[in-house]
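Trainee: Hi! Could you walk me through this one?
Mentor: Happy to, let's look together.
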Amino acid sequence: MNSYIPWLIIIIKAFLILFVTLTLAAYMVLAERKLLARMQDRYGPNRVGPFGLLQPLADVIKLITKEDILPAQADRFIYLIAPGVVAGTVLLTFAVVPFGAPVKIGGVTVQMPVIDLNVGALYFLAMSSLGVYGVALAGWSSGSKYSLFGGIRGSAQMISYELSMGLALVPVVMLTGSFSLNDIVAAQSNVPFVVYSPLAFVIFLVSVAAESRRIPFDLAEAENELVAGYHTEYSGMRFGLFYIGEYVNIIVLSALAVTFYLGGWHGPGPSWLSLFWFFLKAAAIAFFFIWMRATLPRLRYDQLMHLGWKFLVPLSLANVLLTGFLALIFHWRNV
Amino acid sequence: MSRSTGILKGLFEAFATTLREMFRKPVTIQYPEEKKPLSARARWRIVLTRDPDGGERCVACYLCSAVCPVSCISMQSADRGDGRRYPEWFRINFGRCILCGMCEEACPTLAIQLTPDYEFCKYKALDMVYEKEDLLIDGTGKDPEYNFYKHAGIGIVNPKGKNPDEYGPVDIRSNMP
Ligand code: SF4
Ligand code: SF4
């Protein structure tokens, strides 16, 4: 009897996380539209329900009931699965995020992440690389020039920024001595890693912004140049999947930034407050992404590559050396 | 200032600006609830007015129809029997009207006037075509005193020569030097 309880717990957690994340993503859209509007001296959506709170619901209904267009030139199979790849990989990443302290229910200790992989950090990098396929394939299979340009730009950009993102994670792994996200959080119970390696945090944030394909790194979409980039041809719920994917991505990446650098769910107060602390920190990072979108213009393609290869990669390499050196001198390992 | 401090300063100022704007009251006017005050001479929906005696001002002279740059006014003139003309039907297609006000300027009788009412959207294009019944109002509009026939020199409202600032007709037989 006891053998299937862990599986049951995993399945329940998976469904809970799926539900909460998708709802959060929908409200993330609303929050972004509201905040962007306020930063541009507008009100933003405020018609559907009080303060526009039902707007996401209206959007979802609209997206579901729209016609799902399949262009004649499209490569049918790939065209149809590409949005799923984008949304799926992003949702899968959430499986390893420890978003709260472990709880004890009836003698069973339930860890917060769905599964505590011992290679959690690598799993995250792998999933974000797989997400590129969704973009590249969507662009390629649409049979349109704009989509193709978007897809090519998207993949080039993400390959470049993955490098600095991975290198920014090296100090974290060095200081923890483990790839498991649970261990990484546990290692930050006193001092978050951002104190030890602030540079890595900044590099990670910039790379993550590029990874989520948002302004100022939304070259794959670039409305002003490429109509809508890789998802030009998509409509209805398939477009919705790209859209949801983008916002779930912001949530996941904020959550991971918190996990890697800001001490995860650690915070003052009793352990049940850990969920709140985690949410607060992640919301702050998500707010920063929105703020950035309201502030910065889109980079040009060469500027993007310049920033990635000539600035961030060398900087993160130097940072790995520096952090390693300091850790060696001050005996930081397993702080 | 070196290049990198310039970049940092630019970034900082940009982020500060957007953050500051976030706490300002939005400039949006939320239309159905809030309305912008109209300017004094706002020109929108067109009406046909009546003179102070309640008679139709329009004499179906076709001047408005002729001057209209988009040719959206059409009418059929008729005679009332006493020499006074009126439009049998009068039609303005507001789907085409550009609200330029030229018809109002051309009208000799001040019959056609533009009002400040701008909320007359319709779902069907054909509903934008207004007939005489829709256009003719009971009041005098902008010029409450004006009665064209009192100045026209035609004996229809008052006998000839009995209007204010009008000389009586000249008796050509007694008009001796
Ligand atoms: S306002 Fe201008 S466009 Fe409209 S009916 Fe008069 S003359 Fe024609
Ligand atoms: S509205 Fe004025 S300009 Fe037009 S036909 Fe009538 S009298 Fe003439």
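Trainee: Which helix gives the most to the lining of the largest cavity?
Mentor: That's H4(A), with five residues. A helix here is a DSSP run of H or I, at least four residues, numbered from the N terminus. A cavity is a set of points on a 1 Å grid over the protein atoms alone where a 1.4 Å probe fits but cannot get out, and lining residues have an atom within 4 Å of a point. This is a predicted model, where local features need pLDDT of at least 70, side-chain atom pairs count only at pLDDT 80 or more, and totals for linings use all residues. Residues are numbered from 1 along each chain, and chains are lettered from A and ligands numbered from 1, in the order written.
Trainee: What volume does the largest cavity have?
Mentor: About 120 Å³, taken as the space filled by probe spheres set on the points. Of its 15 lining residues, those closest to the centre include Val90(A) and Met127(A).
Trainee: New topic: what comes nearest to ligand 1?
Mentor: Among the 13 residues around ligand 1, the nearest are Cys68(B), Cys97(B), Cys100(B), Gly101(B) and Cys103(B). Being around it takes a heavy atom within 4 Å.
Trainee: And which residues of H1(B) are buried?
Mentor: Phe15(B), Thr18(B), Glu21(B) and Met22(B). Buried means under 20% relative accessible area, exposed over 50%, with a 1.4 Å probe and protein chains only.
Trainee: Why are they on the same side of H1(B)?
Mentor: Because they cover an arc of only 135° around the axis, using directions from the helix axis to the C-beta atoms. The face turned away carries exposed Phe12(B) and Arg20(B).

Terms used. Heavy atoms only, no water. 1 Å grid on protein atoms, 1.4 Å probe; cavity = no way out; pocket = protein on both sides within 12 Å on 5 of 7 lines; lining within 4 Å. Helix = DSSP H or I, 4+ residues; strand = E, 2+ residues; numbered from the N terminus.
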